[in-house]
Amino acid sequence: MKRVAALLALTLFLSACGGSSSGSMTGNNPPPQTGPNAILNGASLAAATTHWVSARCNVQVELTSDKGFWSIVLDSSGKTSSGNETWTPGPDPTSVMVGPGTGLGGFFWVSGLGNITGSTSSQTFTANVSVKSVSTSQGLGNCSFALAQKGLS
């Protein structure tokens with residue numbers, strides 16, 4: 001009887017501490033989510049209910065699982081460009097390429113997101129953002145994004 005009580009007490013103690021009598025004592029924290037699949041806003045642009053906003057970088061983006069991509073870019077002259085494209089996986093698993101973009105002069109679009117870290121579930125992510133126009137490519141550096149409730153399209 002004392003042995004059963006001692007085993008029960010040990011089991012309760014290990015459970016309260018997050019341990020297990022049958023598993024290892026390594027942490028159960030999942031690795032941080034990265035890449036485009038971690039920051040999706042819905043199945044399609046028409047069905048998206050959220051989008052991402054980077055106030056410091058003056059860009060907003062929306063990515064969907066059907067490879068839809070919508071961006072809004074506010075350039076240094078105060079002109080806003082907005083439109084949809086498609087995204088494809090980038091050269092590494094934490095990046096996306098966007099385009100080919102429009103042929104309109106002066107129209108900027110987000111052309112790539114690199115080193116994506118964060119997730120829709122955490123409601124934030126960071127990425128190296130590139131924007132492009134017909135004649136200009138520009139890196140905006142590392143931008144922080146916050147999840148906004150409402151689709152862009």
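From the N terminus on, the elements of the protein chain follow the order α-β-β-β-β-β-β-β-β, that is, one helix and eight strands. The model is a predicted one, and every value below should be read with that in mind. Of the 153 residues in the chain, 39% count as buried. Among the contacts with a separation of 6 or more, 42% are made by residues 24 or more positions apart.

In soluble globular proteins, nonpolar side chains tend to be buried together. In this chain the largest nonpolar core has 25 residues, of which Leu 63, Val 110, Leu 113 and Phe 125 touch the most other members. At least two residues of this core come from each of strand S2 (59-63), S3, strand S5 (96-98), strand S6 (109-119), strand S7 (124-132) and S8. The surroundings of Leu 113 can be listed in more detail: when its neighbours within four places in sequence are left aside, Leu 113 is in contact with Ile 39, Leu 63, Phe 69, Thr 94, Ser 95, Val 96, Phe 125, Ala 127, Asn 128 and Val 129.

**The aromatic pairs**

A pair of aromatic rings is described by the distance of the centres and the angle of the planes. The structure holds two aromatic pairs. In one of them, the rings of Trp 52 and Phe 125 have centres 4.8 Å apart and planes at 90°, so the pair counts as edge-to-face. This pair joins distant parts of the chain, with Trp 52 in strand S1 (residues 50-54) and Phe 125 in strand S7, 73 residues apart. Both Trp 52 and Phe 125 are buried. In the pair formed by Phe 125 and Phe 145, the centres are 4.5 Å apart and the planes lie at 5°, so the rings are stacked. Phe 145, like Phe 125, is buried. Through these ring pairs, Trp 52, Phe 125 and Phe 145 are linked into a cluster.

**The largest pocket**

The largest pocket has a volume of about 170 Å³. Its lining consists of Cys 57, Asn 58, Val 59, Val 73, Leu 74, Asp 75, Ser 76, Phe 108, Val 131, Gln 138 and Leu 140. By class, seven of the lining residues are nonpolar, three are polar and one is charged. Strand S3 (68-74) and strand S8 (137-149) each supply at least two residues of this lining.

Two of the lining residues, Asn 58 and Gln 138, deserve a separate description. Gln 138 is placed in strand S8, and, leaving aside its neighbours within four places in sequence, Gln 138 is in contact with Val 129, Ser 130 and Val 131. The C-alpha atoms of Gln 138 and Val 110 are separated by 9.6 Å, while the two residues are 28 residues apart along the chain. Asn 58, for its part, is found in the loop between S1 and S2.

**Backbone and accessibility of single residues**

Most residues other than glycine have a negative phi, and most peptide bonds are trans. Asn 58, although not a glycine, has a positive phi of about 60°. Lys 67, which lies in the loop between S2 and S3, is likewise not a glycine and has a positive phi of about 75°.

Lys 67 is also one of the contacts of Thr 86, a residue of strand S4 (residues 80-89). With neighbours within four places in sequence left aside, Thr 86 is in contact with Lys 67, Phe 69, Met 97, Val 98 and Gly 99. Between Thr 86 and Met 97, which are 11 residues apart in sequence, the C-alpha to C-alpha distance is 8.5 Å.

The table gives the relative accessibility of these residues.

| Residue | Relative accessibility | Class |
|---|---|---|
| Asn 58 | 37% | partly exposed |
| Lys 67 | 33% | partly exposed |
| Thr 86 | 43% | partly exposed |
| Gln 138 | 41% | partly exposed |

Key. Residues are numbered from 1 along each chain as its sequence is written. This is a predicted model: local features need pLDDT of at least 70, side-chain atom pairs count only at pLDDT 80 or more; totals for chains, interfaces and linings use all residues. Side-chain values use heavy atoms; hydrogens and water are left out. On a 1 Å grid over the protein atoms alone, a cavity is a set of points where a 1.4 Å probe fits but cannot get out, and a pocket is an open set with protein on both sides within 12 Å along at least five of seven lines; lining residues have an atom within 4 Å of a point. Grid points are joined across faces, edges and corners, and a volume is the space filled by probe spheres set on the points. Helices (H or I, at least four residues) and strands (E, at least two) are DSSP runs, numbered from the N terminus. Ala, Val, Leu, Ile, Met, Phe, Trp, Tyr, Cys and Pro count as nonpolar, Asp, Glu, Lys and Arg as charged, and the others, Gly among them, as polar. A nonpolar core is a set of buried Ala, Val, Leu, Ile, Met, Phe, Trp, Tyr and Cys residues joined through side-chain atoms within 4.5 Å. Buried means under 20% relative accessible area, exposed over 50%, partly exposed in between (1.4 Å probe, protein chains only). Contact means heavy atoms within 4.5 Å. Rings of Phe, Tyr and Trp (its six-membered ring) pair if their centres lie within 6.5 Å; planes under 30 degrees apart count as stacked, over 60 as edge-to-face and the rest as tilted.
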